Amino acid sequence: MDLHTETRISELAPPVQDKARRLIHAANLKGIDLRVTQALRSWNMQAALYAQGREDLYDVNERRAAVRLAPIDPEENREVTKAAPGHGWHEFGLAFDVCPFDQTGQPDWNEKHPVWEAVQTMGEAIGLKAGCTFRTIKDGPHFQFTGRFGDSPDDEVRQLYQSGGTIAVWEEAFAQQPREARPAPEPTAPAAEPMADPSEIPEATS
């Protein structure tokens, strides 16, 4: 597993970490070089993505610069997510995005390639919700595991976050696990924005 993938996985809730590693391992056994391109996402980064297609290009790129994302061109200023900040599972450490890499070490974002369907099938087999099944914007790179919560964060989740951060959300999401099987909570997101690798940012994200 490459260092960037391991670092990103380590930011997720422990039960999600486990499933992410299982997915990477299952893909590797099939000869697929699968890597995590995004995991825990700050609310400011989600705001920058949500602004695309909704605000003018200057404001969008101002938001992107603030979270270390590369600027986009006018033709790229289109909606890429339906999730406003606090309405997607990335902000709570319960979702991650993946991409298969080719033999030259480059990401392959062609979701029509059969490898994508194979990855999505593997993810669902280990209990992950695949973004390709979303009813609005299909999100092939996206997987999530939300415990007792539903497909999208609700007011209860946002209130938990406001009162106790990501750890409060994680504990409630997976409270039904037997106590001896429940992993210890990880620290919340680091204060600094992670540096984004432009080659690993998909065109559409949730």
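Which residues does Leu34 touch, not counting residues up to four places away in sequence? I looked this up first. The model is a predicted one. Leu34 touches Leu23, Ile24, Ala27 and Asn28, and also Val98, Cys99, Pro100 and Val119. In the sheet, Leu34 stands opposite Pro100 in strand 2.

**Core**

I then listed the largest nonpolar core, which has 35 residues. Leu34 is one of those that touch the most other members, together with Leu23, Trp89, Leu94, Phe96, Phe143 and Val169. I checked which elements supply at least two residues each: helix 2 (14-29), strand 1 (33-38), strand 2 (95-101), helix 5 (114-125) and helix 6 (155-173).

I looked at the pairing of strand 1 with strand 2: they run antiparallel and are joined by 5 bridges.

**Helix 5**

I tested the length of helix 5. With 12 residues at 1.5 Å a residue, helix 5 should span 16 Å. Its end C-alpha atoms lie 17 Å apart, which agrees.

Which residues of helix 5 are buried? I noted Val115, Trp116, Val119, Gln120, Met122 and Gly123. Looking down the axis of helix 5, I see its buried residues within an arc of 160°, so they line one face. They pack against helix 2, strand 1, strand 2 and strand 4 (142-144). The face turned away from the buried side carries the exposed residues Pro114, Glu117 and Ala125. Gly127 follows helix 5 and has a positive phi, near 95°.

**Salt bridges**

I counted the salt bridges and got 11. I went through three of them by residue.

Arg54 and Glu79 meet through their side chains, 3.3 Å from N to O. Arg54 sits in the loop between helix 3 (43-51) and helix 4 (57-66), and Glu79 in the loop between helix 4 and strand 2, so this pair ties together parts 25 residues apart in sequence. Arg54 is partly exposed at 32% relative accessible area. Glu79 is partly exposed too, at 36%. A network of salt bridges links Arg54, Glu79 and Lys82.

Glu156 pairs with Arg148 in a salt bridge, with the closest N and O atoms 2.3 Å apart. Glu156 is partly exposed, with a relative accessible area of 35%. Arg148 also counts as partly exposed, at 37% relative accessibility.

Arg158 and Asp155 form a salt bridge at 2.9 Å, N to O. Where do the two sit? Both are in helix 6, 3 residues apart, and about one helical turn separates them. An α-helix has 3.6 residues a turn, so residues three or four places apart point the same way. Asp155 counts as exposed, at 59% relative accessibility.

Conventions:
Residues are numbered from 1 along each chain as its sequence is written. This is a predicted model: local features need pLDDT of at least 70, side-chain atom pairs count only at pLDDT 80 or more; totals for chains, interfaces and linings use all residues. Side-chain values use heavy atoms; hydrogens and water are left out. A nonpolar core is a set of buried Ala, Val, Leu, Ile, Met, Phe, Trp, Tyr and Cys residues joined through side-chain atoms within 4.5 Å. Buried means under 20% relative accessible area, exposed over 50%, partly exposed in between (1.4 Å probe, protein chains only). Helices (H or I, at least four residues) and strands (E, at least two) are DSSP runs, numbered from the N terminus. Contact means heavy atoms within 4.5 Å. The expected span of a helix is 1.5 Å times one less than its number of residues. The arc is that of the directions from the helix axis to the C-beta atoms. A salt bridge is a side-chain nitrogen of Lys or Arg within 4 Å of a carboxyl oxygen of Asp or Glu. Two strands pair if DSSP finds at least two bridges between them.
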